[in-house]
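Here is a report on a two-chain model.

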Amino acid sequence: MTTRLRSSLLAPVLAVLFAAVLCAIALIASGANPAEALGAMIGQVGEGQVAVDIVNSTAIYMLAALAAAIGFQMNLLNIGIEGQYRVGALVAAIVGGALVLPPVLHWLVIIVVAAIAGAAWATLPAILKVTRGVHEVLSTIMMNAIAFGLAAFLIRRDQFGILLGNNVSTAPIAESGQVPGIDLGSKGTIFGLVFLAVVAAAVYGVVMNRTRFGFELKASGLSPTAAAAGGVNAKKMIVVSLLVSGAIAGLVGMPEILGRDHAYTLNFASGYGFAGIGIALLGRNHPVGIAFGALLWAFLEKAKGALDNVGVPREIATIMQGAIVLSVVVAYEIVKRMELAAEQRRVGQATGTAVEPEGAAKS
Amino acid sequence: MSMVEVQPSTPAGMTMTPPPRKRVLPGWAIFALGIVAVVGVLATTSYLTGEPALTSSSTMQNTVTLGLPILLCGLGGIWAERSGMINIGLEGMMILGTWGAAWAGVLGLGPWGSVLFGAIFGALGGALHAIATVSFGVNHIVSGVAINLLGAGVAKYLSTLIFAPLSDNPRDSPPIERFDTFSAPGLADWLGELEREQRAVVSDVAGLLRGLVTRVSPMLIIAILLVFATYWVLWHTRFGLRLRSCGENPIAAESLGVNVYWHKYVAVIASGALAGIGGAALVLGSSPSIYSEGQTANRGFIGLAAMIFGNWRPGGTLAGAGLFGYADGLRLSSGPETVHSLLYAAVIVAGLLVIWQLFRRKWTTALLAAVGAVAVYVLYFATDELPSEFLPYTPHIITLVVLALAAQRLRPPAADGVPYRRGEGD
């Protein structure tokens with residue numbers, strides 16, 4: 001157990017350290033003090049609403065990362081989370097604004113609608129993949145772009161948009177549909193749907209490790225041929241996992257819309273989808289790992305404002321995020337090779353045929 | 001894993017490679033016929049719908065300006081994927097290229113310096129992708145996504161650091177020096193007269209040609225040369241044969257003594273450099289010619305789509321980039337009504353497809369095409385203009401349609417995206 005824990009923690013820790021060193025070098029090269037920058041970012045957490053913002057963003061990133069992780073479990077790269085959450089949020093806001101229902105039911109309807117809309121946006125790539133063999137990466141990239149067009153069209157004032165102040169948005173959701181948060185006074189409000197992310201992570205963990213569906217999903221990812229021989233319907237698994245991934249992606253916008261904005265507005269946040277992919281890689285598709293990855297991501301995102309005070313462009317945080325993703329995948333590969341070599345050595349010693357480990361000899 | 005897979009249900013070991021189809025015509029003839037067909041369809045549509053902007057010279061000029069970055073990215077895609085490396089990081093490399101090009105301009109190196117710096121910065125992104133994927137065996141798409149994040153971040157950071165003091169705006173660079181353009185003197189005027197006469201077909205052809213010969217930027221010449229260079233290097237040199245063999249069957253290539261890692265490195269770095277030149281073309285082609293944040297607007301992905309549209313070949317990629325550039329350029333030079341008339345062109349294309357499929361006795365396909373033609377025709381009649389919000393996404397929709405219709409006729413390199421490690425073949 002300890003070796004397993006060590007090997008699964010080694011890579012992300014190495015990667016974060018490496019990315020930090022990389023950023024420190026970039027900072028020194030541009031004439032800033034890395035320690036001072038880090039200190040400013042950590043100090044920022046105590047300021048104003050930043051701590052609460054970090055908690056809220058962590059939940060949103062977790063949802064996006066869970067959506068990505070379901071695809072990763074079976075080697076499907078759902079790049080389309082970006083578009084799926086946008087469509088999910090938009091459709092849910094339109095439906096939610098048009099309905100009048102008792103409180104809890106109203107939330108549930110909106111959340112279900114968001115999930116269905118997200119799944120619907122993933123349907124075309126899923127169908128194209130199983131019937132026409134179109135790779136999901138390409139089709140979902142195209143669907144992402146089209147989602148932006150769809151959103152711009154549906155929020156037009158002759159469609160569903162209305163003018164509120166200076167901002168165009170959908171009709172506001174009635175109070176019965178607003179999910180109350182935990183009010184911390186001047187520190188801000190924690191979204192009520194933060195718990196949705198926690199529940200989603202727990203369900204994801206149980207389904208992946210304790211159910212037949214999770215087993216079939218992971219088996220299809222690890223070895224499609226073995227899974228097919230074991231009676232797993234590959235096409236069905238592709239469609240189901242893409243749709244489930246899309247459904248969870250549809251939920252990504254919910255904490256903000258039901259907890260703060262109460263409508264889909266023109267400045268609805270973008271970029272959660274790609275962040276989710278990075279976090280899922282960082283957390284190695286494990287719910288706890290994803291939670292920590294999301295926390296790190298949210299910290300970088302929300303505390304970067306402090307960098308301006310010490311004269312560092314805040315975009316260094318974006319570089320840090322990109323560097324983390326790239327170094328974490330490289331670190332996983334290195335750790336995997338090291339483990340493979342160690343395994344081969346152990347087997348060699350145990351059987352007495354000291355085979356020269358192939359992975360270690362050549363790199 | 002390739003970008004367009006064979007049916008997932010077919011076990012990989014059992015698929016027999018079909019013998020290559022005998023080409024009745026040489027490639028250049030097919031290309032020329034294609035151009036004639038496209039011009040014919042556009043001229044007919046322009047005549048029947050009364051939309052001269054479809055074939056005006058300004059549309060053609062916008063097509064060239066907007067198509068060049070896509071074309072260069074597509075060429076970058078060919079280099080990487082022909083060596084078996086999926087490069088979804090083209091977008092990030094292109095962003096790096098736009099920043100590099102603007103920086104060269106700010107340093108006062110002139111437009112040629114911009115192209116060079118664009119290439120260098122793009123190549124740096126490519127080198128990073130190569131280290132991650134070739135040396136460390138990281139999943140190509142994952143690495144590409146990371147490079148897109150990283151490229152955007154680095155460009156933003158550097159632009160805040162270096163451009164913000166000069167332009168008072170962290171998102172933009174100051175305007176840089178562009179290429180001097182030149183026109184073919186007598187020819188352009190004569191074509192202009194023809195275009196103004198508004199005679200069917202003649203004026204259309206004149207308009208399109210005039211767009212090609214007036215205010216030509218050296219960038220266009222560079223891009224066309226790079227198309228030919230890519231074709232010549234990859235298909236007519238020993239190096240190119242080896243590079244492509246790494247994309248088809250790296251283990252076989254290795255057994256013949258080809259240094260697969262080296263070829264993959266060269267290919268991915270060249271791919272980044274081409275995407276970077278694409279970024280430079282974007283900066284130099286925009287007016288005023290500045291770097292601005294979010295300028296690439298997913299053109300890297302569209303370049304990849306153009307490459308797939310072109311079946312992983314330079315000529316086809318040129319056609320794809322032309323198509324996507326046209327869809328984009330038309331939007332700039334005219335209004336929603338003109339783009340609406342493109343629906344009419346789609347009906348004509350679908351109609352031609354019906355005739356072709358009937359000729360080949362493919363009854364179901366013909367029926368499907370006929371249903372599609374009628375549906376688009378109804379849409380054309382029921383609406384006056386397309387919602388302008390969707391116009392920027394015309395290339396994306398075309399890509400989806402092309403992928404849905406032709407995915408099984410496209411042939412990506414056999415080992416595209418397959419991880420390779422030396423000495424691990426069986």
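Chain B has 16 helices and 0 strands. Helices (H or I, at least four residues) and strands (E, at least two) are DSSP runs, numbered from the N terminus. The radius of gyration of chain B is 22 Å, close to the 22 Å of the globule rule for 426 residues, so chain B is as compact as a globular protein of that length. That radius is taken over C-alpha atoms, and the globule rule is 2.2 Å times the number of residues to the power 0.38.

The model is predicted: local features need pLDDT of at least 70, side-chain atom pairs count only at pLDDT 80 or more, and totals for chains, interfaces and linings use all residues. Residues are numbered from 1 along each chain as its sequence is written, while chains are lettered from A and ligands numbered from 1 in the order in which they are written.

Along the principal axes, the C-alpha atoms of chain B fill a box of roughly 65 × 60 × 40 Å. Of its 426 residues, 50% are buried. Buried means 20 or more other C-beta atoms within 10 Å of the residue's own, exposed means 12 or fewer, and partly exposed lies in between; C-beta atoms are placed from the backbone. Among contacts in chain B with a separation of 6 or more, 78% join residues 24 or more positions apart. A contact requires C-beta atoms, placed from the backbone, within 7 Å.

**Chain interface**

Chain B brings 46 residues into contact with 41 residues of chain A. On the chain B side, the elements giving two or more residues are α5 (140-167), α12 (299-309) and α16 (394-406). The largest share, 14 residues, comes from α5(B). By class, this side of chain B has 29 nonpolar, 12 polar and 5 charged residues. Ala, Val, Leu, Ile, Met, Phe, Trp, Tyr, Cys and Pro count as nonpolar, Asp, Glu, Lys and Arg as charged, and the others, Gly among them, as polar.

**A helix pair in chain B**

Helices α9 (residues 238-248) and α11 (residues 260-285) of chain B pack at about 100°, with axes 9 Å apart. α9(B) and α11(B) are therefore roughly perpendicular, a term for angles of 65 to 115 degrees. Arg242(B), Leu243(B) and Cys246(B) of α9(B) meet Val260(B), His263(B), Lys264(B) and Ala267(B) of α11(B). These contact residues divide into 4 nonpolar, 1 polar and 2 charged.

**Domains of chain A**

Chain A splits into domain 1 (1-32 + 314-347) and domain 2 (56-311). Their centres, over C-alpha atoms, are 27 Å apart. Each domain of chain A gives 12 residues to the contact. On the domain 1 side, α1 (2-29) and α14 (316-351) of chain A each give two or more residues. α14(A) gives the most, with 8 residues. The domain 1 side has 9 nonpolar, 2 polar and 1 charged residues.

Most residues other than glycine have a negative phi. Two exceptions are tabulated.

Conventions:
Contact = placed C-beta atoms within 7 Å. Axes fitted to C-alpha atoms, helices over the stretch in contact; angles between N-to-C directions. Parallel < 35°, antiparallel > 145°, perpendicular 65-115°, else oblique. Domains from an automatic or database assignment.
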